[in-house]
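We will go from stop to stop, selecting as we go.

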Amino acid sequence: MRISDVVKRKGDTVITVRSDASVTDLLDLLAEHRIGAVVVSDDGQSVDGIVSERDVVRHLQKVGADVLQQTVSSIMTSDVQTCGPEEELGALEHTMTEHRIRHVPVVIDGHLAAIVSIGDVVKHRITDLQAERDQLSAYIQQ
């Protein structure tokens, strides 16, 4: 199974935020789209960073409510783990586990193409397991 299989099922829509946006704007975006992380991209195609609810919480604890007025660039992760659509899903699972991350942008030729979350991966695995179970049940009943 490849990452492109997951993207086909979930879609390739990616919500991005500019690095100069405020953390308050970021939170509005996360709430509006009911997501846990966004890719930071000043041009909508490159991956400049990634920022999650977890980043906000950690900086809120460290800085206090003033973090809401700071820019996304001050709390984002700049060293972003990315993947390509033809990579094996198992490799992505390993990367997510090893780096303790939940969201990985999919990049093609240096351009942002999609994003895959751990939830997307789990949903894909469950769907495949259910299909396999149904096939085995049908085979046994023949």
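Predicted model: local features only at pLDDT ≥ 70, side-chain atom pairs only at ≥ 80, totals over all residues.

Residues are numbered from 1 along each chain as its sequence is written, and side-chain values use heavy atoms, leaving out hydrogens and water.

**The sheet.** Select β1, β2 and β3: these three strands make an open sheet in that order, with mixed pairing. Strands here are DSSP E runs of at least two residues, and helices are H or I runs of at least four, numbered from the N terminus. At the edges sit β1 (16-17) and β3 (49-52), each pairing on one side only. Pairing requires at least two DSSP bridges between two strands; β2 and β3 are antiparallel over four bridges. Show A37 and you will find it opposite S52 in β3.

**The cores.** Next, select V17, L26, V38, V40, V51, V72 and I75, which touch the most other members of the 14-residue largest nonpolar core. A nonpolar core joins buried Ala, Val, Leu, Ile, Met, Phe, Trp, Tyr and Cys residues through side-chain atoms within 4.5 Å; buried means under 20% relative accessible area, exposed over 50%, and partly exposed in between, using a 1.4 Å probe and protein chains only. Two or more residues come from each of α2 (23-33) and β2 (37-40), and α2 gives the most, with four. Apart from this core lies another of 12 residues, including L89, L92, V106 and V116.

**Helix α5.** Finally, select V122 in α5 (residues 118-140). V122 is partly exposed, with a relative accessible area of 43%.
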